[in-house]
Amino acid sequence: WLSALESTKWLQHLSVMLKAAVLVSSAVDREGRPVLVHCSDGWDRTPQIVALAKILLDPYYRTMEGFHVLVESDWLDFGHKFGDRCGHREKVEDQNEQCPVFLQWLDAVHQLLKQFPCLFEFNEAFLVR
């Protein structure tokens, strides 16, 4: 099971995402620098990193209300392609469009939640729901 997990590179993606969010948070909070985050197509890695950085920087986003606002603003309003990425459309034109970007982000949030449970107003049951 572990070798199958390793072959997906899931944990590598989580690690890179979390490191990037820490880098952004550090630049904003410790160094007082403005930050521009943009991936090659702007749809996937950008909201992952920015939304994680917001969770790290602002305790409001670790509340139930704040998390709801974060998902709405950084994922829904941002225009994330949920239908394409999750593959829930009836006719998927391009299989390469499928990628569990939002689930990766939720897993990264879950990892933070497991490490720092007292800093969050919600628990993993909330994330699952």
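This is a predicted model: local features need pLDDT of at least 70, side-chain atom pairs count only at pLDDT 80 or more; totals for chains, interfaces and linings use all residues.
Local features require pLDDT of at least 70 and side-chain atom pairs count only at pLDDT 80 or more, while totals for chains, interfaces and linings use all residues. Residues are numbered from 1 along each chain as its sequence is written, and side-chain values use heavy atoms, with hydrogens and water left out.

The unreviewed UniProt entry lists Cys39 under "active site"; UniProt positions follow the numbering used here, feature names are shortened, and annotations may be inferred rather than shown by experiment. Cys39 is placed in the loop between helix 2 (10-29) and helix 3 (45-57), where helices are DSSP runs (H or I, at least four residues) numbered from the N terminus. With a relative accessible area of 13%, Cys39 is buried (buried: under 20% relative accessible area; exposed: over 50%; partly exposed: in between; 1.4 Å probe, protein chains only). Apart from neighbours within four places in sequence, Cys39 is in contact (heavy atoms within 4.5 Å) with Asp44, Arg45 and Thr46.

Val35 lies in that loop between helix 2 and helix 3 as well, and Val28 is in helix 2. Together with Leu57, these two residues form a nonpolar surface patch of about 190 Å² accessible area. Patches consist of residues with over 30% relative accessible area and no salt bridge, nonpolar side chains (Val, Leu, Ile, Met, Phe, Trp, Tyr) being joined within 5 Å and like charges within 9 Å; areas come from the Shrake-Rupley method with a 1.4 Å probe, and for residues only the protein chains shown count as cover. Val28 is partly exposed at 36% relative accessibility, and Val35 is partly exposed with a relative accessible area of 36%. Val35 touches Val24, Ala27 and Val28, residues up to four places away in sequence not being counted. The C-alpha atoms of Val35 and Val24 are 6.7 Å apart, at a spacing of eleven residues along the chain.

The structure holds three salt bridges (a side-chain nitrogen of Lys or Arg within 4 Å of a carboxyl oxygen of Asp or Glu). Lys54 and Asp74 pair at 2.9 Å, N to O. Lys54 lies in helix 3 and Asp74 in helix 4 (residues 64-76), so this bridge ties together parts 20 residues apart in sequence. Asp74 is buried at 8%, whereas Lys54 is partly exposed at 26%. In another bridge, Lys114 meets Glu124 at 3.4 Å, N to O. This pair links helix 6 (residues 101-115), which holds Lys114, to helix 7 (residues 124-128), which holds Glu124. Arg33 and Glu31 also form a salt bridge, with the closest N and O atoms 2.7 Å apart.

Methods
Helices (H or I, at least four residues) and strands (E, at least two) are DSSP runs, numbered from the N terminus.
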